[in-house]
Amino acid sequence: PVFHSGALPSEKERFKQIDDDFKDLMAKIDTDPRLFALCDDHIHYNLPKNLNTMLKQLERYQKKLMLFLEEKRTTCPRLFFIGDDDLLEILGQSEKKDVIHAHLRKMFQGINCVEYDMNDAINSLVSNQGESVNLEKSISCDPSHVETWLSELGKEMKSSLASQLDSYLALFTDKGDILAIDYDAYASQISCLGENIRFVDTVEVAISNGS
């Protein structure tokens, strides 16, 4: 699937040729699977040499594929959290939302799934506990550059949570008192972090005043 998705276009036709040759060979062997037939050069001409050639070419493609995956992981370091098979599945089926969702929680520990707007752009994140965090800026999901929008998603997640924290802390007065607050409007980690910051600020003021 990764070749059909447009990855490594220079190798696509060569890989397809090897794939077709191997399938043809297996189909031919299936018609007469006897060991003597495999050894008959009239039936399977130059079989050992042909198999070795296929193997060498596949090893060559394997190296190129590993370099390709390394480039993707360099663009989006969170891809290091998943194995090669998972990454190939994402790259080969990046247009399928269910495939992305299946691996998303492996890359983002706090994200269980994402929600989309009418333009199929990600506009909110949902945790395992069902909490939802709205993104300040929607992330467009370009199937041909999945590593780019995954990286942008990570940055936007941090930015949106930081904005929520700023909004939460703005509710505190200089004396450490808190104004009316709708706790349901904030993620629990923001509420906990905000309360810890308020407590530390209050303690520092108390120490400074000797109270």
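Are Y168 and Y186 buried or exposed? Both are buried, where buried means under 20% relative accessible area, exposed means over 50%, and partly exposed is in between (1.4 Å probe, protein chains only). The model here is a predicted one, so to speak of local features takes a pLDDT of at least 70 and side-chain atom pairs count only at pLDDT 80 or more, while totals for chains, interfaces and linings use all residues. Residues are numbered from 1 along each chain as its sequence is written, and side-chain values use heavy atoms, with hydrogens and water left out.

Now for the rings. The structure has two aromatic pairs; rings of Phe, Tyr and Trp (its six-membered ring) pair if their centres lie within 6.5 Å, and planes under 30 degrees apart count as stacked, over 60 as edge-to-face and the rest as tilted. F15 and Y61 make an edge-to-face pair, at 6.2 Å centre to centre with 70° between the planes. F15 sits in helix α1 (residues 9-31) and Y61 in helix α3 (residues 47-75), so this pair ties together parts that are 46 residues apart in sequence. Helices (H or I, at least four residues) and strands (E, at least two) are DSSP runs, numbered from the N terminus. F15 is partly exposed at 28% relative accessibility, whereas Y61 is buried at 6%. Y168 and Y186 have ring centres 5.2 Å apart and planes at 85°, so they are edge-to-face too. Y168 belongs to helix α6 (residues 146-169) and Y186 to the loop between α6 and α7 (188-209), which puts them 18 residues apart.

Charges come next. Side chains of opposite charge can pair when their charged atoms come close. Counting a salt bridge as a side-chain nitrogen of Lys or Arg within 4 Å of a carboxyl oxygen of Asp or Glu, the total is eight. One of them joins E147 to K72, at 3.1 Å from N to O. E147 is buried at 6% relative accessibility, and K72 is buried at 14%. Another salt bridge holds D84 and R73, with the closest N and O atoms 2.9 Å apart. D84 lies in helix α4 (residues 84-92) and R73 in helix α3, so the pair ties together parts 11 residues apart in sequence. Here D84 is partly exposed at 31%, but R73 is buried at 8%.
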